[in-house]
Amino acid sequence: MTGLPSMGTEPALESLQVETSDIRAYEHFFEQYLRIPASLHLDHPQVDHVRAYCYRNVLIVVRQDIKLPRPTGWVQVNFIVPDLQSVQRELEDAARRLASAEADPPSTAYRLRLKLDVPRNYCRVDRLELSGPAGFMIGFNQVREGTCRSPSRGQGAAP
């Protein structure tokens, strides 16, 4: 991801920021498992550590506050993908590569979970979930053809 997005009339996602008490787990997840180099690497002595990663055109910023450490909590980033099987193969290959490259297994185990025919945003999807460090998850949704419906008013749908 290069430069800042242009300011148009449509809202755009600029970035997502995760606060954590241990940035090392995120560095391992992005740099070793997903093989994404940090696009931003800042260390402010006795203040914070900041890393930014661009994954599928979303800037994910991870910050560790040194003065006031915060646990991550739960963060989920979701993507719609056209070919879920290729994403699954890519992530399984990454897990095998990482397992064979490291003498000691990482302290954070990354888990893949495939869910079929899940209701999601007025559609049915096949969903692959990648659980990362400290409550961080990336979801990949492939919409099942012909399963989407329009939200109806009066049935709990947002206007």
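A nonpolar core here is a set of buried Ala, Val, Leu, Ile, Met, Phe, Trp, Tyr and Cys residues joined through side-chain atoms within 4.5 Å.

**View 1. The largest nonpolar core of this predicted model.** This core holds 28 residues, and F29, F30, Y33, L34, F136 and F140 are the ones that touch the most other members. At least two residues come from each of α1, β3 (48-55), β4 (58-65), β5 (75-80), α2 (84-101), β7 (123-131) and β8 (136-143).

**View 2. The F29/F30 pair.** Searching the whole structure turns up ten aromatic pairs. For F29 and F30, the ring centres are 5.1 Å apart and the planes sit at 75°, so this one is edge-to-face, given that angles over 60 degrees count that way. How buried are the two partners, F29 and F30? F29 has a relative accessible area of 0%, so it is buried, and F30 counts as buried too, at 0%.

**View 3. The F29/Y33 pair on helix α1.** F29 and Y33 are both buried.

**View 4. Around Y33.** What does Y33 touch, leaving out residues up to four places away in sequence? The list runs H28, L91, A94, A95, R97, L98, Y110, L112 and L130. Y110 turns up again in the aromatic cluster, which Y33 forms together with Y26, F29, F30, Y53, Y110 and F136.

Conventions. Residues are numbered from 1 along each chain as its sequence is written. This is a predicted model: local features need pLDDT of at least 70, side-chain atom pairs count only at pLDDT 80 or more; totals for chains, interfaces and linings use all residues. Side-chain values use heavy atoms; hydrogens and water are left out. Rings of Phe, Tyr and Trp (its six-membered ring) pair if their centres lie within 6.5 Å; planes under 30 degrees apart count as stacked, over 60 as edge-to-face and the rest as tilted. Buried means under 20% relative accessible area, exposed over 50%, partly exposed in between (1.4 Å probe, protein chains only). Helices (H or I, at least four residues) and strands (E, at least two) are DSSP runs, numbered from the N terminus. Contact means heavy atoms within 4.5 Å.
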